[in-house]
Amino acid sequence: MFDLPLFALAAFATVFAGISKGGFGSGASFASASILALVLAPGQALGIMLPLLILIDLTTLKPYWRKWQWPTARLLMVGSVPGVILGVVIYKITNDDVIRFLIGAMALLFVMWQGARALGVLPVAKSRLPVVAGLLAGCVAGFTSFVSHAGGPPAAMYMLSLKMSKTEYHANTLLVFTIVNLLKAVGYSYLGIFTAQTLMVGVYLAPFALIGAWIGVKAHYMVPERAFFILTYVLLIFTGSKLIFDAIT
């Protein structure tokens, strides 16, 4: 875990996650787990990143404090609980290749979802989706977040129907996944995903998480996101394809 090239890759993934969760990059922080899963067992990759994601969540809450829509956030958080429980069950009964495949699939589906939105193939709902849709979105987000840290798209599909501002949207996302990540930590502990080794690596990577979060908060208000999107999509297509290939071969 302390091999220099591996640590450099982990540091890059952590900064990337911090930038995205800090409010820049359309919620693609889960790319960090897919990057690490290329060179580590999926459980190790998920276990290393979760405490760092929680650290980033707690660090970046203040700039967005109370800029969320509480009823929407609460609805998604309630819905996420059964999704996280389902994630625990699936992780317990499957093997590394299944989790590797799910991480890769989430990466490619995210790119496809963003592309469909950009091309107008997947238009945003013209009216507010019903409460049951919010609960369902929260459930799917809880599950996909548990197995790959990729809960953003299901939650986004619901929130985009509410016509939020960019800042409201990110504040809601940040609050919801702060709670979801804390719930996941309970599940990860139960499954033995956290180890002394993964937690120690997290300690060494923590400064990179904070640097990334600081950059993300600043960039949210100051910098166009196009270049970061392109980098994100390239990374997700490469890592997602490689993980799926590794899982099925």
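A: A word to settle at the start: buried means under 20% relative accessible area, exposed means over 50%, and partly exposed is in between (1.4 Å probe, protein chains only). Helices (H or I, at least four residues) and strands (E, at least two) are DSSP runs, numbered from the N terminus.
Q: And where do the coordinates come from?
A: This is a predicted model, in which local features need pLDDT of at least 70, side-chain atom pairs count only at pLDDT 80 or more, and totals for chains, interfaces and linings use all residues. Residues are numbered from 1 along each chain as its sequence is written, and side-chain values use heavy atoms, with hydrogens and water left out.
Q: How many helices and strands does the protein have?
A: Ten helices and zero strands.
Q: What share of the residues is buried?
A: Of the 249 residues in the protein, 53% are buried.
Q: Take helix 3: mostly covered or mostly open?
A: Helix 3 is mostly covered, with 14 of its 19 residues buried.
Q: Which residues have the most contacts inside the largest nonpolar core?
A: Leu36, Phe146 and Leu205, in a core of 72 residues. A nonpolar core is a set of buried Ala, Val, Leu, Ile, Met, Phe, Trp, Tyr and Cys residues joined through side-chain atoms within 4.5 Å.
Q: What does Phe146 touch?
A: Leaving aside residues up to four places away in sequence, its contacts (heavy atoms within 4.5 Å) include Leu46, Val84, Tyr91 and Leu191.
Q: Switching to helix 4, is Thr72 buried or exposed?
A: Thr72, which lies in helix 4 (residues 70-93), counts as buried because its relative accessibility is 2%. Among the residues that Thr72 touches, beyond those up to four places away in sequence, are Arg128, Tyr158 and Asn172.
Q: And Val89, buried or partly exposed?
A: Val89 also lies in helix 4, but Val89 is partly exposed because its relative accessible area is 41%.
Q: Which residues form the nonpolar patch on the surface?
A: Val81, Ile85, Leu86, Val89, Ile93, Ile179, Leu182 and Leu183. Helix 4 and helix 8 (166-191) are the elements that give two or more residues to the patch, and helix 4 gives the largest share, five residues.
Q: What comes after helix 8?
A: Gly192, whose phi is positive, near 75°.

Note on methods. Patches are made of residues with over 30% relative accessible area and no salt bridge: like charges are joined within 9 Å, nonpolar side chains (Val, Leu, Ile, Met, Phe, Trp, Tyr) within 5 Å. Accessible areas come from the Shrake-Rupley method with a 1.4 Å probe; for residues, only the protein chains shown count as cover. A salt bridge is a side-chain nitrogen of Lys or Arg within 4 Å of a carboxyl oxygen of Asp or Glu.
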